[in-house]
Amino acid sequence: MFDGGELQRPELRDALFSGRGDLVMVDKLHPSHPSWNPEWPRQFEKNYGYDPARARALLKEAGYPQGFKVDLIFAPRAGFPQVGTVAEAIGNYWRAIGLDVKTTQYEFATILAQSRKLNLHDP
């Protein structure tokens, strides 16, 4: 479904959530929140937009011209059953820039327990 091509946040929302939901710039911070910065939407694409060519150049500049291995862990929850598909899409976007992605699903309780221990590296 999501092959690592151009990231289209609205299309992901439409495909996975039937068009429902707001596209936010900062995780868990809605534009209606008092601490919202109105500059974020104007700067989002420049600072955080998906640009595979720029990402590959930044990896090369950082000393990783062949990319590196990364573990992408996720845990389905009752309120977010699409998380596996979202993780798959993210993994494919990362693969498109040259990362070697290993995607692993865990039970949410396992992730939560490791998070409380501040150790999410090996759930």
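Mentor: Buried residues, those under 20% relative accessible area (exposed is over 50%, partly exposed in between; 1.4 Å probe, protein chains only), make up 20% of the 123 residues in the protein. This is a predicted model, in which local features need pLDDT of at least 70 and side-chain atom pairs count only at pLDDT 80 or more, while totals for chains, interfaces and linings use all residues. Residues are numbered from 1 along each chain as its sequence is written, and side-chain values use heavy atoms, with hydrogens and water left out.

Trainee: Which elements does the protein contain, and in what order do they run from the N terminus on?

Mentor: Helices (H or I, at least four residues) and strands (E, at least two) are DSSP runs, numbered from the N terminus. Here there are five helices and two strands, in the order α-α-α-β-α-β-α.

Trainee: Which residues make up the largest nonpolar core?

Mentor: A nonpolar core is a set of buried Ala, Val, Leu, Ile, Met, Phe, Trp, Tyr and Cys residues joined through side-chain atoms within 4.5 Å. In this protein the largest one has nine residues: L59, V70, L72, F74, V83, A87, I97, L99 and V101. Two or more of these residues come from each of β1 (69-74) and α4 (83-96), and β1 gives the largest share, three residues.

Trainee: What does V83 touch, not counting residues up to four places away in sequence?

Mentor: Contact means heavy atoms within 4.5 Å. By that rule, V83 touches F74, A75 and P76. Among contacts in the protein between residues at least 6 apart in sequence, 57% join residues at least 24 apart.

Trainee: How many aromatic pairs does the structure hold?

Mentor: A pair of aromatic rings is described by the distance of the centres and the angle of the planes. Rings of Phe, Tyr and Trp (its six-membered ring) pair if their centres lie within 6.5 Å; planes under 30 degrees apart count as stacked, over 60 as edge-to-face and the rest as tilted. The structure holds five such pairs. One of them joins W36 and W40, whose centres are 5.1 Å apart and whose planes stand at 90°, so this pair is edge-to-face.

Trainee: Are W36 and W40 buried or partly exposed?

Mentor: W36 counts as buried because its relative accessibility is 14%, whereas W40, at 27%, counts as partly exposed. Y64 and F68 form another edge-to-face pair, with centres 5.1 Å apart and planes at 65°. Y64 is partly exposed at 41% relative accessibility, and F68 is partly exposed at 32%.
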